[in-house]
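User: I would like to go through the labels used for this protein. Please set each one against its cut-off.

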Amino acid sequence: MKYKLFLLFLLFTCLGFQSSKKAPLSAQIANYDIRVKLDINQKKLIAHTKLVWKNPSADTVSDLQFHLYYNAFKNSETTFFSEKGLPSLFKTSLKDDCNWSWVEIQNMTDKYGNNLASNMHYIQPDDDNKSDQTVLRVPLPKPVLPNESIEIEFDWIGKIPKTMIRTGHNMDFYFMAQWYPKVGVYEPAGMRYAEKGGWNCHQYHSSGEYYGEFGNYKVDMTVPENYMVGSSGTQPNPPKNNGDQTTTWSFEVNDVIDFAWGASPHFVESKMNWKGIKIRLLTYPEHVHFKERYFSILPQALEFFEDNFERYPYPSLTIIAPPFHGLYTGGMEYPTLITTLNSCLLPTGVRSTEILTVHEFVHQYFQQIVGTNEMEEAWMDEGITNFYEGVIMDKIYGEKSSTIDFMGIKAGNAESDRVSYFNMENPAIAPNSLNSWEFPGGSYHTIQYSKSAVWLNTLKKIVGEKTFKEAMKTYYFRWKFKHPSAKDFVNVINEVVAKNHPEEFGDGMNWFFQQVLYGTEICDYAISSISNNNKITSSGIFDNLEECEKSEFAKNEDDEEIFISTVVVQRLGNMTLPMEILVRFEDGKEFLEKWDGIATMTTFSYESTQKIECAEIDPYHKIPLDKNLLNNSFTSKPNLSGVRKYVNEFLFWMQNAMEGLGMLI
Ligand SMILES: [Zn+2]
């Protein structure tokens, strides 16, 4: 017994030793040490960055490329504004006060003292728009050898925008997102779609947020002493008062793809601890009463991911709930930091606080940990996140009331994605596979968020929940802290589905992805008719023209009439999916028919003493992708289509209202 205890003790000693020397979670390629001063009078960030960048490839890399996101707000001709148009809200401010913003690198040296600033220049890899200065190329006098590192330092100044999308200031609320010169992602040959090594560093567009490299951050923010700072990461030390009416706050975090922070003299701080994870909430005084809502929903989302994927791997998570005048910064996700939106009057039955919190939290896994490229394949974070938002919300609040349950009005979360997708003027306007800035007619949001969530839900139901869970878990573990492409996602799903269902889906699911991810096909199956006709006996004129066999209704030996019954099913859309059709006879007998769904029409016929009472396509609701559910069943009984239509219209209205509120999620 004692010996066993001793072994146990040894085991824990070893575990303790291992955990104190925690292995890095990622390749830690882009590592920042930033000292930044917030100048609230000039609305500027005055900063110094030390960057250590590791070459992840076997290439000799002769330049660095940086995102300078704040330059998107530098003039009316930037790619961001030419795609989006100037938001009317800012026109006065830009006209009267010349409130354009920018970021400028003032100098840059490597550790050998080489001046890197003299040859640096802006490039426009996406559209050749010379007015756009959101990507900076820095040629290196001393290239970075394979798997070696480069250490550079530079001073820079950022002019903070008046709350622009995702970032900026308004009154004395500041939110710094995509705020610092940030190195792009160097993709070695073979990674994602790279045939040879090169930088993936897109300009800042009006759609799509960011794509980031994993690394470690140490950031010191010096702010007025009455300001409180909320940030990615944890504080190694308490804030230090500098004796000049400023305080320096320090934060650090490892293995993340970005870093954001906010500051205000009005923040009210609330804290909780969930299984050792420090959760910090910063709200404005008028929103303090939302605390319970955040602290109730967030642990449930953490728990879901711990159960279905793995425990949240960072020591902290911060929520910033911006004030009304900081609305544009709400509903965003950055590593270990999320922003939400509140309205003072939001009743508990309208769950937008919970939805946003869950949504932005899911992003901690799907894009922050599985580091996909949002500029090229936004569905891989927004679609997957919207899908899991629906799963979590529906699980907690029930699928009929997870978005709204107020004054008798109910709406479900996953259902609202269907409503949003199918209420588009043209749901076939674009496939998911476009670059973020290429979506026509403002379709980016609905296609990347809602459509993807609907087809992921359909995929789950076609392959079965167990297989889907296993596939998503496999995808997560294979690609966490890496940068997968859609191709990598598809490969994992195909692999797991083929393993679990070799007879049904032995060739994988490419036929599915070809339509839902790379295509614009629309799914719509309908029961077009049911008929029950008496079978007649063999009758008419055969060999002898003088003899006519009269027709009679055919009967069985018990003298019961026999019917020939048919169900006609049509494929109205151009998407082909396997379908199940449930046919019920008047005596309650049911037949579940399977159809590959490929022809434009098929017929099921029966000979029986019973008539068909009703037939229903997709009776177990495996195909949320089916656009029109009202034509899925055919029955002699009165149907509820009018009521369903009303509910759908209401959901559509609600979805629009929610999107208006959370336009950035
Ligand atoms: Zn999102």
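Analyst: Start with burial. A residue is buried if 20 or more other C-beta atoms lie within 10 Å of its own, exposed if 12 or fewer, and partly exposed in between, with C-beta atoms placed from the backbone. This is a predicted model, in which local features need pLDDT of at least 70 and side-chain atom pairs count only at pLDDT 80 or more, while totals for chains, interfaces and linings use all residues. Residues are numbered from 1 along each chain as its sequence is written.

User: Where is Val-454, and which residues does Val-454 touch?

Analyst: Val-454 sits in helix H8 (residues 444–463). Helices are DSSP runs of H or I with at least four residues, strands are runs of E with at least two, and both are numbered from the N terminus. Contact means that two C-beta atoms, placed from the backbone, lie within 7 Å. Not counting residues up to four places away in sequence, Val-454 touches Asp-417, Arg-418, Tyr-421, Pro-624 and Leu-625.

User: What makes helix H7 largely enclosed?

Analyst: Count its residues. In helix H7 (residues 413–422), 10 of the 10 residues are buried, so the rest of the structure largely encloses this helix. Among them are Asn-413, Glu-415, Asp-417 and Arg-418.

User: Why is H7 called oblique to H8?

Analyst: The axes of H7 and H8 cross at roughly 125 degrees and come within 9 Å. Axes are lines fitted to C-alpha atoms, for helices over the stretch in contact, and angles run from 0 to 180 degrees between N-to-C directions. Under 35 degrees is roughly parallel, over 145 roughly antiparallel, 65 to 115 roughly perpendicular, and the rest oblique. The angle falls in the rest, so H7 is oblique to H8.

User: Which hand does the crossing have, and which residues meet there?

Analyst: H7 passes H8 in a left-handed crossing. That label applies if the near helix is turned anticlockwise from the far one by less than a right angle; clockwise would be right-handed. From H7, Ala-414, Asp-417, Arg-418, Ser-420 and Tyr-421 take part, meeting Thr-446, Ser-450, Lys-451, Ala-453, Val-454 and Asn-457 of H8. By class, this contact of H7 with H8 has four nonpolar, four polar and three charged residues. Ala, Val, Leu, Ile, Met, Phe, Trp, Tyr, Cys and Pro count as nonpolar, Asp, Glu, Lys and Arg as charged, and the others, Gly among them, as polar.

User: Now the loops. What makes Gln-245 count as exposed?

Analyst: Gln-245 has 9 C-beta neighbours inside 10 Å. The limit for exposed is 12 or fewer, so Gln-245 counts as exposed. Its place is the loop between strand E16 (240–241) and strand E17 (246–256). Leaving aside neighbours within four places in sequence, Gln-245 is in contact with Pro-224 and Glu-225.

User: Where else does a positive phi occur?

Analyst: Asp-128, also not a glycine, has a phi of about 60 degrees. Asp-128 lies in the loop between strand E6 (121–122) and strand E7 (135–144). Its 10 C-beta neighbours inside 10 Å make Asp-128 exposed.

User: Why are E9 and E15 called edge strands?

Analyst: The open sheet has four strands in the order E9-E10-E18-E15, with antiparallel pairing. Strand E9 (168–170) and strand E15 (228–231) each pair on one side only. Neighbouring strands of this sheet are turned by 10 degrees against each other on average, direction ignored.

Methods. Pairing = 2+ DSSP bridges.
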